[in-house]
Amino acid sequence: MLATLGGASPTGLLLIDVVYTAGAGAALAFAGGRSRRLAWLLSSTIALWVTPSTLGRIVSILAIVAVIHAVATERRRVVGALVGAALALVLGDLGAGPFHGATMLYAAVAAAPILISGARRMPAAWRRPVVLAVSTATAAAGLATLVFGLAALLSISDVGDGVDAANRGFDDASDGNQTDAGQSFDAATAAFERARGKVSGFWTLPARLVPVVAQQVRAIQVTAAEGVALSEAATDTALSVDPDDVRFVDGRLDLELLDDLQPVLDRAERALDRAHDRITETRSPWLVAPLADRMDRLLTELDDARPSAEAASLTVTHLPEMLGADGPVHWLVALTTPAEARGLGGLLGNWVLVRADAGAVEIVRHGRNEDVNAELRAAGVALSGPEQYVERWGSFRPNEFFQDVTLSPDLPMVATVTADLFAAAMDETVDGVIVLDPYALQAVLELGGPVQTGDRRLTADTLIPFLLTEQYVAFAGDEAGRALALGELVEGAFESLTRGALPGPRAVTREFGPIVEQDRLGVWWRDGGGPTELIDVVGLDGAWPDTVGADFVGLVHQNAGQNKLDTHLERELAYDVVITDGVAEATITATLHNRLTDLSLPDAIVASNDQAFARGTNVVRLGIHTGLTSRSLSVDGVEVGFNRQPAFGGEVATVIVEVPAGETRVVELQVAGTVTADADGYRLVIPHQPLVNQDLVSVSATVDGRVLDLGTPLTQDRDLLLTATTD
């Protein structure tokens with residue numbers, strides 16, 4: 001009974017393992033009762049040395065104490081039996097060990113003194129039957145192992161061929177070579193079928209009863225069987241689904257096509273999940289290296305394929321609802337500019353209201369933030385929305401200045417407020433919000449082609465300079481002309497999407513993938529549910545990253561100078577933290593450099609809208625987010641006052657910093673607090689603010705005297721999760 005509590009799994013078959021471990025425990029207890037006290041001491045001491053668990057150490061020490069007591073008093077067989085039983089419990093819980101077969105070797109060495117001594121003191125009449133039984137079992141196990149070994153040698157190469165062919169199939173599918181992918185998956189199916197045939201016959205059944213060998217049998221059988229099922233499903237998907245068929249033509253997406261694809265993609269996702277789960281379950285430290293390597297390669301490929309499969313399945317399931325399958329829906333598309341920074345990236349300039357009905361998409365209306373401002377003020381619309389948004393940003397009156405609605409760095413907050421304010425001001429229904437910046441609009445032009453604005457033809461290559469700087473130079477003193485040009489740009493770009501023919505998902509993913517990773521494109525759906533799950537899975541949610549259980553630090557700044565100088569602003573973030581027994585003390589350093597050199601640029605870029613700041617001064621409202629508690633803040637070494645508020649599970653320290661043209665300001669925030677971390681488990685989250693120039697980030701972290709390598713410095717272009725071993 002004690003032996004079974006150790007949890008040893010010599011074959012992976014529960015009933016057989018119970019018989020084996022109970023038998024081993026009985027043998028050790030029986031031998032312990034007859035062996036010498038020196039054997040008890042040797043076995044208990046070795047067990048104490050090899051056991052990795054606290055329970056094992058406690059039991060081993062108790063056994064040693066019992067032996068010492070027996071030495072001091074008298075040898076009693078019941079003491080030896082208990083020592084043997086305790087030893088069985090300890091040796092059944094040795095874990096994986098540092099190398100293949102280590103636990104079996106440790107258990108044999110630890111048990112040997114008691115077993116040898118007990119066998120030598122066994123009555124002669126018992127010795128022969130025991131030796132005969134052990135010899136017979138050993139010979140049978142050896143024969144079963146030999147038969148299976150021959151089958152395994154023949155099948156492992158087939159498993160390897162199947163894994164290689166499946167990998168080629170996944171690569172072909174991701175490259176859009178559907179025919180080649182189908183052929184590769186067919187080859188994988190054939191290879192896995194050959195492997196399964198060689199290891200699933202009756203001749204392998206005895207090997208399932210042999211410790212250690214049994215794990216090899218099950219691993220090959222499961223891998224081969226799941227390889228067949230997976231390859232068949234992948235072949236079906238590759239030959240049935242051409243992603244390029246899913247595309248807008250004349251502003252319409254065929255929703256019936258999505259319905260047809262759903263069962264195929266669902267089967268593929270289920271096959272991937274089942275294969276991954278079953279192969280993971282059979283992955284054992286007892287597996288021989290050639291087999292373990294092949295299984296790991298297949299698991300890696302499955303890990304890479306699962307997110308795409310899940311996204312594809314969710315897309316065909318929920319995209320129809322988002323495109324008006326159940327009735328017309330309205331999307332508000334908000335265009336921001338990081339030339340004038342806001343928490344989500346930039347100030348909201350233009351907007352487009354789009355209607356989707358049964359897969360057909362059309363522009364309803366478009367305009368500037370000034371159009372919404374006028375209606376908001378006329379109607380006296382009150383600000384409502386998430387509590388944190390209203391508390392932090394209500395004083396800036398985004399319900400009167402619609403361009404400032406992006407003050408929060410969290411898209412769900414911003415989108416909720418944006419949709420409500422727009423609906424109240426413009427008397428329109430808003431079911432979803434899409435936020436994109438100039439870099440996302442550049443991807444739109446890559447797909448839809450150039451746009452004509454007046455006498456200017458804007459391409460994907462010329463768009464960014466125009467939006468960040470050239471528009472203010474070209475239309476200096478002509479605000480009406482600039483607004484007209486921007487309206488023509490936005491209308492032209494979205495007309496190309498809603499009335500033209502777009503390429504398939506691969507081309508769209510190629511253009512928008514980096515944009516999504518950099519948080520330059522975000523999507524929000526009012527009603528939650530499946531569409532929101534889809535948005536989250538494909539990384540479009542734009543939410544402040546999850547910081548639960550981690551340390552975090554981040555910079556979020558707003559342009560307080562009402563100019564477009566953030567095109568010229570460069571930021572550096574340095575985080576120096578020392579954690580001792582969970583108590584952290586840290587310095588957060590934000591370096592702000594205004595690289596502007598041309599003060600002759602138009603007022604819209606370099607002036608401060610009658611705020612009396614020197615020309616070219618970037619007035620930065622800097623928010624330093626931290627999971628710790630702010631103590632003091634200095635600018636260029638001089639301690640200054642600052643505002644401190646709760647935010648996103650931590651707090652934010654805010655200070656106004658004036659950075660003249662060509663100059664640099666250094667802001668240091670001292671923080672302290674508790675962090676749940678050890679030297680192997682420290683996690684640091686660094687949220688990303690999508691600006692024109694990406695931050696340079698460096699981290700120095702010491703946890704309980706150990707200096708961690710977190711892979712910095714680096715240029716931050718997305719939310720980061722840094723650990724002691726990977727970035």
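I count a salt bridge when a side-chain nitrogen of Lys or Arg lies within 4 Å of a carboxyl oxygen of Asp or Glu. This is a predicted model, where local features need pLDDT of at least 70, side-chain atom pairs count only at pLDDT 80 or more, and totals for chains, interfaces and linings use all residues. Residues are numbered from 1 along each chain as its sequence is written, and side-chain values use heavy atoms, with hydrogens and water left out.

**Entry 1: salt bridges**

I looked up the salt bridges and found that the structure holds 23. In one of them, R665 and D636 join side chains at 3.7 Å, N to O. R665 sits in strand β16 (residues 664-674) and D636 in the loop between β12 (629-635) and β13 (638-640), 29 residues apart. Helices (H or I, at least four residues) and strands (E, at least two) are DSSP runs, numbered from the N terminus.

Is R665 buried or exposed? I have R665 as buried, at 18% relative accessibility, while D636 is partly exposed at 40%. Here buried means under 20% relative accessible area, exposed over 50%, and partly exposed in between (1.4 Å probe, protein chains only).

Next I checked R297 and D164, whose side chains meet at 2.0 Å, N to O. R297 belongs to helix α11 (residues 289-322) and D164 to helix α7 (residues 124-174), so this bridge ties together parts 133 residues apart in sequence. R297 is partly exposed at 34%, and D164 is partly exposed at 30%.

I also noted a network of salt bridges that links E340, R342, D404 and K564.

**Entry 2: nonpolar cores**

I take a nonpolar core as a set of buried Ala, Val, Leu, Ile, Met, Phe, Trp, Tyr and Cys residues joined through side-chain atoms within 4.5 Å. The largest one has 53 residues, and L436, F494 and L521 are among those with the most contacts inside it. Which helix gives the largest share of this core? That is α15 (residues 438-448), with 7 residues.

Leaving out residues up to four places away in sequence, L521 touches I434, V435, L436, A440, F512, I515, V516 and L540 (contact means heavy atoms within 4.5 Å). A second, separate core has 39 residues, including A586 and L722.

**Entry 3: the largest cavity**

My last search was for cavities (sets of points on a 1 Å grid over the protein atoms alone where a 1.4 Å probe fits but cannot get out). The largest cavity holds about 260 Å³ of space, and L344, P409, D519, G542 and P690 lie nearest its centre among its 26 lining residues, which have an atom within 4 Å of a point.

Methods. On a 1 Å grid over the protein atoms alone, a cavity is a set of points where a 1.4 Å probe fits but cannot get out, and a pocket is an open set with protein on both sides within 12 Å along at least five of seven lines; lining residues have an atom within 4 Å of a point. Grid points are joined across faces, edges and corners, and a volume is the space filled by probe spheres set on the points.
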